Amino acid sequence: MSNKIYIALALAGAISLQAQAINHKIDFPKDSPVSLLSEDFGNSNATARGANLIEVNAGLSLRNSSQKRIRSMTLMVSTPDAAGKGSVSVPTLDAGPGETFSVHIGTRLIRPLTAGNPVVEVTLDGVLFDDLSFYGPDVLHSQRTMIRWELEAQRDRKYFKTLLATSGAEGLRKEMLSSLARQGDSSQRGVQMVRGRATNLDTERESQFAFLDIPESPVEASSGMARIGASLAGAPRFEVRNRSNRPVRHLEVAWIVKDQQGREFLAASMPADMTLVPNQTGQVVQDAALRFDRPISIDSMSGFVSSVEFADGSQWIPSRGALDQARLRQLINPSPEEQRLSQIYTRKGIQALIEELKKF
Amino acid sequence: MAETDLALYAAHDLPFWRAGVVRFHVRGCGECRGLLDALCADRQELRRSADDMPANVDWDQLAAEMTANIRVGLAAGECVTPRERKVAAISWRPAAIAAGLVVLLAGAWWLNIPRSDTETIGRALRDMATGGRISATQEERGPVVGASSSGVELLENGGRMGIEQRGLEPVMFSVSTQGSASARYVDQDTGQVTITATYVQ
């Protein structure tokens, strides 16, 4: 009996000895427009299980130390030897000079076992101000995304303010209820994107993309093809033409998948860095495959140009009018700002929402 | 002639050919004949004394006593003889040792093998079981980013990075063909929107 107790104690000891504290490093540049007021990494730890399993649960309290209003911020989270990088962004900030705000980081990383305590690094990737100026190293190319969030926020606030002016509080309330219904009716599916080739040679077939044309879009997409297999679709390729009078350097196409039951959902986005002078046509080829976490029989695919970045850094996004097409309205996710506003309506009511809109 | 052979001859216990030899010898040897006569006389005396029964024997009483003694003997034998036990098909000791080994191996595996490796081995075993039909459909060479209701994650070179938000479920999530996955969370208390993402390096 005593041997069994020793074995149990040894196992318990071995398990408990694996947990260890993590070192963390928060590195903001000296001229950063955001300063760290306090940090709490109390619930973070690392466990050695063949590799280091690092769990970060941290809360940061930050202050806008610049003279401009901050609209959004992205922090980069990484650890040496870990796979890839992660980020935590707050896209709907409205922090004036001297104001404070908080960010929570919840991350789980696995990296190879190395000597010493694991280190988690939190760095500033970018800060976007209300005048669309940007600060930060932009390692994750977050500037483009943060500008798009801000453009969407400006578009949606303007839409709701116009609605308030034309239809009153009742019109705004109906629109909020409609937005909340769409948010609750999401038909999203878990999906993985495999970079490089991921194919099933036996069952793959070529399938055409049908592109939804948004008349105001500066880029037109056409002649799309992709390979479809069992619960996966890959190797998409399509043509794009710059039909604006400004050179384009980046665009994104939304990828919509329809299953054999007729259900459509937004499966992925296909960003492409490419230079297109006015009226130039280009080919986009992606070496990636989309794989669904549940079995799905793909019936057809479609797409539409969801954003375009011009050579001067300015961006085009679809207007609310374009998104009001019944089909797009059901598929496109509401902007972060629309979600924030609908949350204000849900928690505080229509009057609080009207007051919030008046701030901008 | 050995005395034992004479005794056996007297009791008719010698084989036929040896009995003939003894008989032939005794005819010519007075000493042995005298010894044989003595042995035969002893046998007859023993048989006679065995045949004499005690006086006043009550046969019925004797039979009843013998039957009772036999029953008492059987009962006593039941008490002192160990009862035959049924032997279990598997003794608990080997089972306990096997269970301990399983626990030790599972613990060692859990402590030392990353989950991604376990999943890879599991996939390989499933492939073997299905004759490779699964691997043919999911041949993966590059990093994988994923987005689901449990957050976003990146799998690359045996490493894994997953990002979640305090147990919240994302209100929406997406992946991009350039190798990123993102998930959007809304804090129901503060209304703050947070977007987490992973990126292939």
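Reader: Which residues in helix 2 of chain B are buried?

Author: In this predicted model, B:A19, B:V22 and B:V26 are the buried ones in helix 2 of chain B.

Reader: What puts them on the same side of helix 2 of chain B?

Author: Around the axis they cover an arc of only 60°, and therefore they lie on the same side of helix 2 of chain B. The face turned away from that buried side carries exposed residues, B:W17, B:F24, B:R27 and B:G28.

Reader: How do you know that the span of helix 2 of chain B agrees with its 13 residues?

Author: Helix 2 of chain B runs over residues 16–28. At 1.5 Å a residue it should span 18 Å, and its end C-alpha atoms are 19 Å apart, so the two values agree.

Reader: Why is A:S302 called buried?

Author: Buried means under 20% relative accessible area. A:S302 has 3%, so A:S302 is buried. A:S302 sits in strand 19 of chain A, residues 298–310. Leaving aside residues up to four places away in sequence, A:S302 touches A:F209, A:A210, A:A254, A:W255, A:I256, A:E264 and A:R327.

Reader: What makes A:Q208 exposed?

Author: The cut-off for exposed is over 50%. A:Q208 has a relative accessible area of 59%, so A:Q208 counts as exposed. Its place is in strand 12 of chain A, residues 205–211.

Reader: Which residues does A:Q208 touch, not counting those up to four places away in sequence?

Author: A:Q208 touches A:G224, A:M225 and A:M301, with those sequence neighbours not counted. A:Q208 and A:L163 are 45 residues apart in sequence, and C-alpha to C-alpha they are 39 Å apart in space.

Key. Residues numbered from 1 in each chain as written. Chains lettered and ligands numbered in written order. Predicted model: local features only at pLDDT ≥ 70, side-chain atom pairs only at ≥ 80, totals over all residues. Heavy atoms only, no water. Helix = DSSP H or I, 4+ residues; strand = E, 2+ residues; numbered from the N terminus. Buried < 20%, exposed > 50% of the residue type's maximum accessible area, 1.4 Å probe, protein only. Contact = heavy atoms within 4.5 Å. Expected span 1.5 Å × (residues − 1). Arc of directions from axis to C-beta.
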